[in-house]
Amino acid sequence: MKITDAKVFVGGPGKNYVTLKVTTDQGVYGLGDATLNNRETLPAKYLTDYLIPNLIGLDPRRSEDIWQLFYRGAYFRRGPIAMAAIGAIDMALWDIKAKLANMPLYQLLGGKSRDSALVYAHATGADLEDLMDSVAAYIEQGYKAVRVQCGIPDMPTASYATPDAKGGTEPFITDFSGIRPKTEIWDSEKYMRFMPGALAAIRDRFGPELKILHDVHHRLLPREAAAFAKEVEQVGLFWLEDPTPAEDQDALALVRQHSTTPIAIGEVFNSIWDCNKLIEKELIDFIRVAVTYAGGITHVRRIVDLAGQHHVRTGFHGAPSHSPISMAAQAHLNLWAPNFGIQEYLVLGTPACDTLFPSDHYVANGMQHVSEAPGLGVDFDEAEAERYEYKPGSHPIVRLEDGTLWNY
């Protein structure tokens, strides 16, 4: 059995999905996602110019050897561009193998550890009252876990992942008005004075059963992160995400020494080498890697296995930049992983997205249910894809009030 063709498609409804389709001489094809948000053309080019020419003619069933070829066979390893491209190929090969076996992919991983997987929604508000309404709406829909983000009083601009005006909805973070990023203004002192009380008020209103998550989005210094995590212990967060940038992994030791608040980190990690010390030293509670830019199912499974040895659970990234293909791959991993924790879930199921990526995966009452179709359980309509093309966009940047560039 040989790979005879591989094509890359860039575009989608409101997003620049990077979709890979790998075809074999037996007519079986597999799909992968290489979407790297705001840098989409780079993994697409890496695939077409470097990886696909070396993929044609190989046996798709030898996915481990192919993964090693593209990772260990490269002098310059890792990084989000290369790992997103490798991850797309790896997803497509697992999709092919599961179709050949006539099984849903989770069966090849070892079968189910659970029948469905807990997901969390994103509640947001321009102020606390607005946020309370958003949380209540998700609870009404059956969600048991909600990430909460709130506008900060007297902050010059909207803070991370919050609407500009009351009653608005969380914007998709990418701004497609041009390649130059907009600027958000940030003040850590204002945030630290306001947010602990806001989280406590949410707990008081919605009670002990609601799983509350909050994302600091790398905005605090290590000392500030430790103080914040300690102050919100009484809230009983399900997790505190990205309290401080993780490039300095030792900084997480300071947070751990001062608080028992669960910490979730890793959505920007590209490999096991970005997080192995955090896991082995048990400085985090949830690992947030994504199957797309952490090298695919083969590599993420290694991360999950390492995490399971150190009481660290999964909490895969699930932002709108992940296409239904990568979300399906993570759904199968979630069903299998003995140390599963939770799955981030932003609704992708618009009619346009469902037409481009037909699938029987679904979320109901805050739980993710996996298709029993062979493979990943997601298809791709090439004719529909012709309606879309790449449109440049950017994330905002963050500055302090004096103009200093800060962490996004």
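The charged end of Arg-301 sits over the ring of Trp-336, 5.0 Å from its centre; a charge is assigned to a ring if NZ of Lys or CZ of Arg is within 6 Å of the ring centre and within 35 degrees of the ring normal. Arg-302 lies over the face of Trp-67, at 6.0 Å from the ring centre. The model is predicted, so local features need pLDDT of at least 70 and side-chain atom pairs count only at pLDDT 80 or more, whereas totals for chains, interfaces and linings use all residues. Residues are numbered from 1 along each chain as its sequence is written, and side-chain values use heavy atoms, with hydrogens and water left out.

Aromatic pairs were counted where the centres of Phe, Tyr or Trp rings (for Trp, the six-membered ring) lie within 6.5 Å, with planes under 30 degrees apart termed stacked, over 60 edge-to-face and the rest tilted. The count comes to 14 aromatic pairs. One of them, formed by Tyr-120 and Trp-239, is edge-to-face, with 5.4 Å centre to centre and 80° between the planes. This pair links distant parts of the chain, 119 residues apart: Tyr-120 belongs to strand β4 (residues 117-125) and Trp-239 to strand β8 (residues 239-241). Helices (H or I, at least four residues) and strands (E, at least two) are DSSP runs, numbered from the N terminus. Tyr-120 is buried, with a relative accessible area of 0%, and Trp-239 is likewise buried at 0%; buried denotes under 20% relative accessible area, exposed over 50%, and partly exposed in between (1.4 Å probe, protein chains only). Trp-239 also forms a tilted pair with Phe-238, at 6.1 Å centre to centre and 45° between the planes, and both of these residues are buried. Elsewhere, ring pairs link Phe-9, Tyr-17, Phe-357 and Phe-380 into a cluster.

Nine of the nine residues of β4 are buried, so the strand is largely enclosed by the rest of the structure. Ala-117, Val-119, Ala-121, Ala-123 and Gly-125 point one way from β4, while Leu-118, Tyr-120, His-122 and Thr-124 point the other way. Strands are taken as paired if DSSP finds at least two bridges between them. Strand β5 (residues 145-150) pairs with β4 in the parallel sense over five bridges, with Gly-125 opposite Cys-150. Two bridges join β4 to strand β12 (residues 343-344) in a parallel arrangement, where Val-119 has Gln-343 as its bridge partner. Two bridges also join β4 to strand β14 (residues 367-369), which runs antiparallel to it; here Leu-118 stands opposite Met-367.

Asp-127 is located in the loop between β4 and α5 (128-140) and is partly exposed, with a relative accessible area of 28%. Not counting residues up to four places away in sequence, Asp-127 touches Cys-150 and Lys-166, contact being defined as heavy atoms within 4.5 Å. The C-alpha atoms of Asp-127 and Ala-329, 202 residues apart along the chain, are separated by 36 Å. For Lys-99, in helix α3 (residues 80-101), the C-alpha separation from Gly-377 is 9.3 Å, at 278 residues apart along the chain. Lys-99 is partly exposed, with a relative accessible area of 24%, and touches Val-28, Tyr-29, Gly-30, Pro-374 and Gly-375, residues up to four places away in sequence being excluded.

A second sheet considered here is open, with three strands in the order β6-β15-β16 and mixed pairing. β6 (183-186) and β16 (405-406) stand at the edges, each with a single partner strand, so one side of each is left without a neighbour in the sheet. Four bridges join β6 to the parallel strand β15 (residues 397-400), in which Leu-400 is the bridge partner of Trp-186.

A nonpolar core is a set of buried Ala, Val, Leu, Ile, Met, Phe, Trp, Tyr and Cys residues joined through side-chain atoms within 4.5 Å. The largest has 92 residues, and those with the most contacts inside it are Val-148, Tyr-191, Leu-199, Phe-228, Ile-287 and Ile-297. Helix α6 (residues 188-206) gives the most to this core, with seven residues. Apart from it lies another core, of 25 residues, among them Ile-3, Ala-6, Val-18 and Met-83.
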